[in-house]
Amino acid sequence: MVELPFPAADVAERLLEWYGREGRELPWRKTRDPYRIWLSEIMLQQTTVAAVIGYYQRFLQNFPTVEHLAAAPQETVIDLWAGLGYYARARNLHAAAKMVVEDFDGAFPQSVDELQQLPGVGRSTAGAIAALAFEQRAAILDGNVRRILCRLSALQQPPRSSAAEKQLWYWAEQLTPMQQVHDYTQAIMDLGATVCVPRQPMCQSCPLQGLCQARALGLEQQLPLKQKSKPVPTRREAALLLERDGRYLVRRRPASGLLGGLWEFPTISVGDDEGAAERVELLLQDFAVSGELQSLGVIHHVYSHFRLELQLFRLSIHEPHVAESRNGWYSLMELKELALHGAHKKAVGKIPASGE
């Protein structure tokens, strides 16, 4: 491994002094409760602080302890999570709460190795929980820390490459101090979130500018190097907005898999050489209903691994029953509050307010 180009202790000293002046006030920083720290760390994975705060507070209102979360139905957890994205996190959150209660007698494990046994907790998240809740000397390597370390040492490799991964973990562990691990961990996360940002880093305000090799070489705008992006596929689907007496049929997706547990209008895939309206006719057969479909246009939505092109068709019916399980009928107002996934939330906006 390549050694750091400066004494590791210099980084902690400068960061801790800066954090004492500039550290952010955040709800989860007022506690050492491992449950609350774990909850915040899972929510913050690939999500901004601004987006998380409201969800964090609502979760604690509904599930003030890990026992409350473990006892809740998974559907309730997913409904509260709706809108935060990356929904496997919600399922893992619920599964991990159950494991803490059933396998650890309600007490969060304190070591990085044991914490990684919990669903959804990787090495960096485990390190954060160990450091923040238990003052364990544990390194973290989230996206912010990767960026800081790439710039500090002018690492000219894509930060997610296997070689860079090993090197960055080596540096992260070297930089983690023996004392004040809690504050150091918060400080380095804050630095990446507020100063050493992806674009236009504010180097003049950075407490580490005198150590930063990227700054010395004029590479702060070029580093970290970008990974080659993979092409994002496009999926075509068609959704049926089936209306009866001002209410629309929606169904919950299976608990596991993509967007598991969220609600959506009945949907069918559409091949490149197929017509969307013809595919929706198959849905009508499944529901044993018929009528003239009304096109409501196309929704475009980007998920993490694909783009979705969703064509919408509306049909009003008067039949008292529809051959469909896992369903519910909701008014337009109720649909706006329901845990629909992204594209289908947009679809609600395509429904005429008059219902006509």
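Is Gln46 buried or exposed, and what is its relative accessible area?

Tutor: Gln46 is exposed, with a relative accessible area of 62%. Exposed means over 50%, buried means under 20%, and partly exposed is in between (1.4 Å probe, protein chains only). The model is predicted, so local features need pLDDT of at least 70 and side-chain atom pairs pLDDT 80 or more, while totals for chains, interfaces and linings use all residues. Residues are numbered from 1 along each chain as its sequence is written, and side-chain values use heavy atoms, without hydrogens or water.

The backbone at Gln46 deserves a look too. Phi of Gln46 is near 60°, which is positive although the residue is not glycine. Most residues other than glycine have a negative phi. Gln46 sits in the loop that joins helix 2 (34–44) to helix 3; helices (H or I, at least four residues) and strands (E, at least two) are DSSP runs, numbered from the N terminus.

With a relative accessible area of 46%, Gln180 is partly exposed. A further backbone feature is the cis peptide bond from Leu223 to Pro224, where omega is near 0°. Pro224 belongs to the loop between helix 12 (213–217) and strand 1 (234–244). Most peptide bonds are trans.

Ala71 gives an example from a helix. Helix 4 (residues 66–71) contains Ala71, which counts as exposed at 66% relative accessibility.

The largest nonpolar core holds 105 residues, and Trp38 and Phe265 have the most contacts inside it. Such a core is a set of buried Ala, Val, Leu, Ile, Met, Phe, Trp, Tyr and Cys residues joined through side-chain atoms within 4.5 Å. Helix 8 (residues 123–134) gives this core its largest share, seven residues. In soluble globular proteins, nonpolar side chains tend to be buried together.

Contact means heavy atoms within 4.5 Å. Leaving aside neighbours within four places in sequence, Trp38 is in contact with Leu69, Leu93, Ala96, Ala97, Phe108, Val121 and Ile129.

Last, the chain as a whole. Its secondary structure comes to 15 helices and seven strands. The chain has 356 residues, and 50% of them count as buried. Among contacts with a separation of 6 or more, 68% are between residues 24 or more positions apart. Taken along the principal axes, the C-alpha atoms of the chain fill a box of roughly 75 × 50 × 35 Å. The accessible surface of the chain, from the Shrake-Rupley method with a 1.4 Å probe, comes to about 17300 Å², and 49% of that belongs to carbon and sulfur atoms.
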